[in-house]
Every structure is written in structure tokens, then in C-alpha cells.
Amino acid sequence: MQWALLEHRPQKPDHPVLKSQGILVKLPDQWIAFPEADQEAFPVKNYPVLILETEDLEQAPVWAYLLRFIERNIPALARFTEARDMIPDGLIQALGWKAHYRSRDEWKQWAALSAASEELYMLYEFPLNVLRLWDRVDPSSRGQWMELWLGRGFKKNLVKEIIQYYHDLAPEQQEEALKQALEFSGNWKARSGSFPAEQIRDQLYRHRYPEISGLQEKVFKLQKNLPGHKKLTYLIPDHLEAGYLDLRLRIEADADVEELFELLREATRDGRLREVLNLIQ
């Protein structure tokens, strides 16, 4: 394998850095100097700066050094070793993982990921299990989701949840969910303020868990009927999975204790608190 000094580093998304054809790296010009005769031998000005044998690239210390200069593009690195039938243990260890039968099997799965999943990894560094789900999504849908996420600046955690919920939907549900997401984004164009990306995630959640979503609506309606106070907050679990209700009290004086507890006793006596608890247990 040969590294080369590039006169101009190609820019994303078309740059060949860490593709399966090989690895290219840009180093400062002052690191290397060739006589004029040698420069004429490289008309495209790609000068070799490092030549390694396959055995070298099977050693963890070698990769620990190389990873200081190249992108940690795991799918491309995996393709690189798989395409050359190299033992990947050294690279796996240099990445901070343990080399054993399970990690070697996962390494092959990294190498088999699509270009779409590689792009997603380079954007968000998702783990393999999320990227495998993304690989199974229809290509045309992937393109529309990516455009939405990047255009609206979705955060990593929301993208991950959307992929997980979306993958579990039936094809017709996926089509409807994507349509709703795009319509929601389109209708937001005329509004001001930050885009509420969480609402897209919540739409997917309602498609994935319709029964829980229905219960959530009932719980939130009941919550509005609970005794209210600026120093009392009811913390209902997002997915009703906790089985209990958290309360947050702000005590600023001795009188607050009796006042707040009287409100809770009132909610207990008339059964309003029990109605909420019955739905989240």
C-alpha cells in the first residue's frame, strides 16, 4: 500500500480518502523534497511518502500511528482490509476494540455496509446496529430523510430514534410516516423560531406504538386536572414505561411544605392521582 502527498486534497462528497481503492493522506509540503528529476517521474504530483507491506498493516502499533493522520472511517477501513484479505486484528485493537471472533464478524459487517450507511456514519458516528437498520431502508426514502435531517439540522439522538422507529414500520406505514414528516417540514417554512425536530420523532413514535400514544394522550389530559401550583411539577415518563410518577417540589419556606402536601392529599382523596397511576403502571 502506498500513501501519496496530494497537491490538492479532494473535497467531500467525492474525495477518495479511505475508499476501498486505498488510503490517501495530505501532508505539509515541507515534510518531503524531491530532486527535479524525481518530480518529473510524478507528473500528477502525487509523491510517495510512505510504503508499507501487508504484514506491517496487520500490526496494532502501525495502525495506532496511521490513525493519527487519516479519517476514522470505519466502513472504509473495514473494506480496505477485507478487500486485501488482511488480518484486521491490529487495526481493530488500534481503534480501541478487542479482537475476538465477535469483533471480527462485526468487522465484516462494517465492510459490507452500503455507501448510504457509510455517509451516515461519517455524519453521526452511529454504531453498527443502527447502520444495519439504515441499510434496510428503501434507498429513495433514505435520500428524503437525509435531506430533511441535514436541511433542518436534526441532532444525532433524534436521527437515531427516527431510524429505529421507522425501520420497525410496515412499508405502507413507512410511506405515510415519511409523507407526514415532509409535510410538517414544508408547512414550517413560513414560521419563525427553531424547527421542532422532536415532533417528527414523536410522529414516528405514534406510528410505531399507537397504543402507548393513545394512553399518553389520556395521561396528559388527566395531568391537566391535577392540582396545579408554580412550585409543583408532575414528571410523567415519556413512554409510560416507568410504572410510577415523579414529583418535583420547590420548597422556599416552611409554609410551602404544608401547602403543597395539602394539594397532593386533595388529588389523592378525589382519585385524580390514582387515575394517572393506573395508566402508567
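Arginine 265 and glutamate 258 pair up through their side chains in a salt bridge, at 2.7 Å from N to O; the term covers a side-chain nitrogen of Lys or Arg within 4 Å of a carboxyl oxygen of Asp or Glu. This is a predicted model, in which local features need pLDDT of at least 70 and side-chain atom pairs count only at pLDDT 80 or more, while totals for chains, interfaces and linings use all residues. Residues are numbered from 1 along each chain as its sequence is written, and side-chain values use heavy atoms, with hydrogens and water left out.

Back to that pair: arginine 265 is partly exposed, with a relative accessible area of 33%, and glutamate 258 also counts as partly exposed, at 48%. Here buried means under 20% relative accessible area, exposed means over 50%, and partly exposed is what falls in between (1.4 Å probe, protein chains only). Another salt bridge joins the side chains of arginine 250 and glutamate 252, at 2.9 Å from N to O. Arginine 250 is partly exposed because its relative accessibility is 41%, whereas glutamate 252, at 53%, is exposed. In total, the structure holds nine salt bridges. As a general point, side chains of opposite charge can pair when their charged atoms come close.

As for the overall fold, the protein chain has 14 helices and four strands. These are DSSP runs numbered from the N terminus (helices: H or I, at least four residues; strands: E, at least two). Of the 281 residues, 38% count as buried. The chain exposes about 16800 Å², with carbon and sulfur atoms supplying 49% of that area; accessible areas come from the Shrake-Rupley method with a 1.4 Å probe, and for residues only the protein chains shown count as cover. Among contacts (heavy atoms within 4.5 Å) between residues at least 6 apart in sequence, 56% join residues at least 24 apart.

Glutamate 161 forms a salt bridge with arginine 201, the closest N and O atoms being 3.1 Å apart. The partners sit 40 residues apart, glutamate 161 in helix α9 (residues 156-167) and arginine 201 in helix α11 (residues 197-208). Asp202 joins in too, as Glu161, Arg201 and Asp202 are linked in a network of salt bridges. Leaving aside residues up to four places away in sequence, arginine 201 touches Leu158, Glu161, Ile162 and Tyr165.

Arginine 72, by contrast, lies in a loop, the one between α2 (60-66) and α3 (74-83). At 41% relative accessibility, arginine 72 is partly exposed. Its C-alpha atom is separated by 8.5 Å from that of methionine 122, 50 residues away along the chain. Arginine 72 touches Leu67, Leu95 and Tyr121, again not counting residues up to four places away in sequence.

Glutamate 176 belongs to helix α10 (residues 171-187) and, at 34% relative accessibility, counts as partly exposed.
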